[in-house]
Amino acid sequence: TNSTFEDYLANNYQPQVTVVPFRNTVQLINALVNGDIKAAFLDQAVTDYWIAHNFGQFDPVGKPILTGSGYAIV
């Protein structure tokens, strides 16, 4: 919510995607697991953590997008 992620996606990918902001990473990951969203836009370190700790449930999509600290989509 009100993050650079939200701004980046809204400015570069709407109307192709619908941006759904979340208050925290746990809510975002739960929405991804439950199928409420199709992808999550996260810091690369957070993405690496969730990929490593979810037993093949998540896969990265494409290469990281380097803007500021870097982003990755899972």
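This is a predicted model: local features need pLDDT of at least 70, side-chain atom pairs count only at pLDDT 80 or more; totals for chains, interfaces and linings use all residues.

Trainee: How many aromatic pairs does the structure hold?

Mentor: There are three aromatic pairs. In one of them, Tyr8 and Phe41 are stacked, with 5.7 Å centre to centre and 15° between the planes.

Trainee: Where do Tyr8 and Phe41 sit in the chain?

Mentor: Tyr8 is in helix α1 (residues 4-13) and Phe41 is in strand β1 (residues 41-43). They are 33 residues apart, and the pair links distant parts of the chain.

Trainee: Buried or exposed, those two, Tyr8 and Phe41?

Mentor: Tyr8 and Phe41 are both buried.

Trainee: Which residues do the ring pairs link into a cluster?

Mentor: Tyr8, Tyr13 and Phe41.

Trainee: On to the core. Which residues make up the largest nonpolar core?

Mentor: It has nine residues: Phe22, Leu28, Ile29, Ala31, Leu32, Ile37, Ala40, Leu42 and Phe58. Helix α2 (residues 25-34) supplies the largest share, four residues. As background, nonpolar side chains in soluble globular proteins tend to be buried together.

Trainee: And what does Phe58 touch?

Mentor: Leaving out residues up to four places away in sequence, Phe58 touches Ile29, Leu32, Val33, Trp50 and Ile51. Ile29 and Leu32 are also core members.

Trainee: Last topic, the peptide bond. Which residues does the cis one join?

Mentor: Gln14 and Pro15, with omega at about 15°. Most peptide bonds are trans.

Trainee: Where is Pro15 found?

Mentor: Pro15 lies in the loop between α1 and α2.

How values were computed:
Residues are numbered from 1 along each chain as its sequence is written. Side-chain values use heavy atoms; hydrogens and water are left out. Rings of Phe, Tyr and Trp (its six-membered ring) pair if their centres lie within 6.5 Å; planes under 30 degrees apart count as stacked, over 60 as edge-to-face and the rest as tilted. Helices (H or I, at least four residues) and strands (E, at least two) are DSSP runs, numbered from the N terminus. Buried means under 20% relative accessible area, exposed over 50%, partly exposed in between (1.4 Å probe, protein chains only). A nonpolar core is a set of buried Ala, Val, Leu, Ile, Met, Phe, Trp, Tyr and Cys residues joined through side-chain atoms within 4.5 Å. Contact means heavy atoms within 4.5 Å.
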